[in-house]
Every structure is written in C-alpha cells, then in structure tokens.
Amino acid sequence: MFALTLESAPGYLVRRGLAPADAEIEVAELAGGVSATVVSARIPATETAVVVKQALARLRVKDDWRAKQERTELEAAALRLCGRLTPGRVPAVLDNDPAAHVVVMELLPDDASNWQAEVAAGRAHAEVGSWAGETLG
C-alpha cells in the first residue's frame, strides 16, 4: 500500500494528475499529524499549493490507538458538503484516493487563522460562533 512521505509526495501528485511530470515540487511536513501524515506541496510552475493527507491506521500516541483509515473518505465528503453550504469557508478538495486513503486539498494562505490554535490559546471569536449557529440553523 502507498505510504505518504516527503519523498513519495511529489511522485504521487504527478501520478494523480495534480502536478506536471517535470515540475519542481517543494514539500514540507505539517505539524499536528497525530492521526495522519500531513504534507504541504507547493508547485511554483502552476502556482499551486496543496495539502496531501493520509490517514494512519495507528495513531502517533503513546498507547496503541487504532482507527479506520476510511475516515479520510468521510473527511473529503464532509469538506465537499461544507464547501457547497459555505463557499469559500473550507479548503477545496482537489482529489480523493480511497485506495490509498489520501485526500488532497488546497493549502490555505500562510496568514489564515488556525482555529485549533485559537481555541488552545483561549481566544474566543463570538462572530464566528454566531455565523456557525446561523449557518447550521
């Protein structure tokens, strides 16, 4: 089975038709990959920046925590649904590979807010809560 790594990501993107075969692809591991391998890939020739994410069967924690890798397909479906319901509010799914449990989505700009970091820092954003409540309602 395919294993996403910094080394395998460029070839994977080419095989999936998301990058030209001769393109320079800059990859970096993204932080927070406890339940998945998460890699950013920038393709200067096409001005494309993506996140490549593969669910792990065994989470990167001290105890032996297992999870179904098929959750990647559910994540892709949820992102697509949220994208239809709230255009421009979630990253666009560019590719989903159920056989490898990989989802490729657009990489948000460097200045985008990370909601997990905001919550962890104790910063509340009432306007976001209001918007979410109205949207769900």
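Is threonine 72 buried or exposed? Threonine 72 is buried, because its relative accessible area is 3%, and buried means under 20% (exposed is over 50%, and partly exposed lies in between, with a 1.4 Å probe and protein chains only).

Before going on, a word on the model: it is predicted, so local features need pLDDT of at least 70 and side-chain atom pairs count only at pLDDT 80 or more, while totals for chains, interfaces and linings use all residues. Residues are numbered from 1 along each chain as its sequence is written, and side-chain values use heavy atoms, with hydrogens and water left out.

**Around threonine 72**

You can find threonine 72 in helix H2, residues 71-85. Helices (H or I, at least four residues) and strands (E, at least two) are DSSP runs, numbered from the N terminus. Leaving aside residues up to four places away in sequence, threonine 72 touches Lys53, Ala55, Asn96, His101, Val102 and Val103; a contact here means heavy atoms within 4.5 Å.

Most residues other than glycine have a negative phi. One of the contacts of threonine 72, His101, has a positive phi of about 55° although it is not a glycine. Histidine 101 lies in the loop between strand E4 (93-97) and E5, and it counts as buried because its relative accessibility is 10%. Glutamate 47 also has a positive phi of about 55° without being a glycine. Glutamate 47 sits in the loop between E2 and E3 and is exposed, with a relative accessible area of 75%.

**Pockets**

Rolling a probe the size of a water molecule over the atoms shows where empty space is left. On a 1 Å grid over the protein atoms alone, a pocket is an open set of points where a 1.4 Å probe fits, with protein on both sides within 12 Å along at least five of seven lines; lining residues have an atom within 4 Å of a point. Grid points are joined across faces, edges and corners, and a volume is the space filled by probe spheres set on the points.

| Pocket | Volume | Top contributor to the lining |
|---|---|---|
| Largest pocket | About 1,600 Å³ | H3, 4 residues |
| Second largest pocket | About 170 Å³ | H4, 4 residues |

The largest pocket is lined by 36 residues, and the closest to its centre are Pro91, Leu108, Ser113, Asn114 and Trp115. Its lining divides into 19 nonpolar, 8 polar and 9 charged residues. Here Ala, Val, Leu, Ile, Met, Phe, Trp, Tyr, Cys and Pro count as nonpolar, Asp, Glu, Lys and Arg as charged, and the others, Gly among them, as polar.

Which residues line the second largest pocket? They are Cys82, Leu85, Thr86, Trp131, Ala132, Thr135 and Leu136. H2 and H4 are the elements that give two or more residues to this lining, which has 5 nonpolar, 2 polar and no charged residues.

**Rings**

The rings of phenylalanine 2 and tyrosine 12 have centres 4.6 Å apart and planes at 25°, so the pair is stacked. Rings of Phe, Tyr and Trp (its six-membered ring) pair if their centres lie within 6.5 Å; planes under 30 degrees apart count as stacked, over 60 as edge-to-face and the rest as tilted. Phenylalanine 2 is in the segment before helix H1 (9-15) and tyrosine 12 is in helix H1, 10 residues apart. Tyrosine 12 is buried, with a relative accessible area of 3%.
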